[in-house]
Amino acid sequence: MALVSKVGSFLCPGTAGDLAITGVGFSPKLVLFSGTGVLTNFGTSTTSRFFFGGCNDSLEMFCTSFTQINNQTSEATYKYCFTGRCIEFRSGDALSSGNALIKSMDVDGFTLTFSNVSGSFPAIITYLALGGSDITNIKTFAINYGTSAGNYSTTGPGFLPNFALLVGGASGATVNRPHFDISAATSTESGGVAAYAGAFVSSLSDTWGVTHNSVYRALTAGGADLVTATLTSFDANGLTLNVAANSVSPSLRYIRGFALAGLSIKIGIIVTGK
């Protein structure tokens, strides 16, 4: 098969254990997940939640999770970035209300193992599964860009990629008023969406978002650039990013992602107008 894909959704279980997702039609090489912790397509909640995660056929995985308690109150907004799981909902600071890891990629789908199921579960999870012979290699990577500007390279993929999906943000520590960025890059193109969200006292909150042509952007409270990163090169063992405008706390150091080889991909921006 060339490149094959499947978009779907499933209801997370109300109890811990394995959940097999079937009907995909092929054995995936990459599965991306997202969810908001609600039970219906237009559900509401007094606490805002969001996560984005993924896993590959080598059973490598990571996810980024956000929680804003009671929405616009004096409570903080929390963000976590995990390896070892591809789904994570938080009930608040250091409180997991449901998470899952990839157990196997199967002939007709994949199997997840859920634990710490409570609070926001059951909930709807959406997924994008990719497979086929066009994907010749795929590995996860992580770049810790420290507190200094400069070039930062991955180690470990073991091949020359021609496409990267990048998710920027925090480590596993609590982050008040977090940043989130999801981007993609080829050898000649890059682009993504960056967001900043926070909660203050007296029911005041702020959120900033921007579409960009970098591989990573973190924003200040006023929507200006805090950190930017561009793709310097795809290398024999991964990729190199150049980080600029770097003035961050230790918990805002990580860019994680998937490096892929073999795909023919075009990155662009659609302007929808007003």
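## Core packing and selected contacts

Leaving aside neighbours within four places in sequence, I87 is in contact (heavy atoms within 4.5 Å) with F10, F33, F51, C63, G98, N99, A100, L112, F114 and I125. The model is predicted: local features need pLDDT of at least 70 and side-chain atom pairs count only at pLDDT 80 or more, while totals for chains, interfaces and linings use all residues. Residues are numbered from 1 along each chain as its sequence is written, and side-chain values use heavy atoms, with hydrogens and water left out.

I87 is also among the residues with the most contacts inside the largest nonpolar core, together with F10, F33, F110, L112, F114 and Y127; this core has 26 residues. A nonpolar core is a set of buried Ala, Val, Leu, Ile, Met, Phe, Trp, Tyr and Cys residues joined through side-chain atoms within 4.5 Å. Buried means under 20% relative accessible area, exposed over 50%, and partly exposed in between (1.4 Å probe, protein chains only). At least two residues of the core come from each of β1 (4-11), β2 (17-21), β3 (30-35), β4, β7 (87-92), β8 (95-106), β9 and β10. Strands (E, at least two residues) are DSSP runs numbered from the N terminus. Another core, of 19 residues, lies apart from it and includes F141, Y145, V227 and A261.

The structure holds five aromatic pairs. In one of them, the ring centres of F110 and Y127 are 5.3 Å apart and the planes stand at 80°, so the pair is edge-to-face. Rings of Phe, Tyr and Trp (its six-membered ring) pair if their centres lie within 6.5 Å; planes under 30 degrees apart count as stacked, over 60 as edge-to-face and the rest as tilted. Because F110 belongs to β9 (residues 109-115) and Y127 to β10 (residues 124-131), the pair ties together parts that are 17 residues apart in sequence. Both residues are buried, and F10, F33, F110 and Y127 form one aromatic cluster.

E60 lies in the loop between β4 (48-56) and β5 (61-68) and is buried, at 18% relative accessible area. Its side chain makes the polar contacts tabulated here (N or O atoms within 3.5 Å, one able to donate a hydrogen and the other to accept it; residues adjacent in sequence count only if both atoms are side-chain atoms).

| Side-chain pair | Distance |
|---|---|
| E60 and N56 | 2.7 Å |
| E60 and K139 | 2.8 Å |

By contrast, V107, in the loop between β8 and β9, is exposed at 73% relative accessibility. V107 and F26 are 81 residues apart in sequence and 5.7 Å apart in space, C-alpha to C-alpha.

Key. Helix = DSSP H or I, 4+ residues; strand = E, 2+ residues; numbered from the N terminus.
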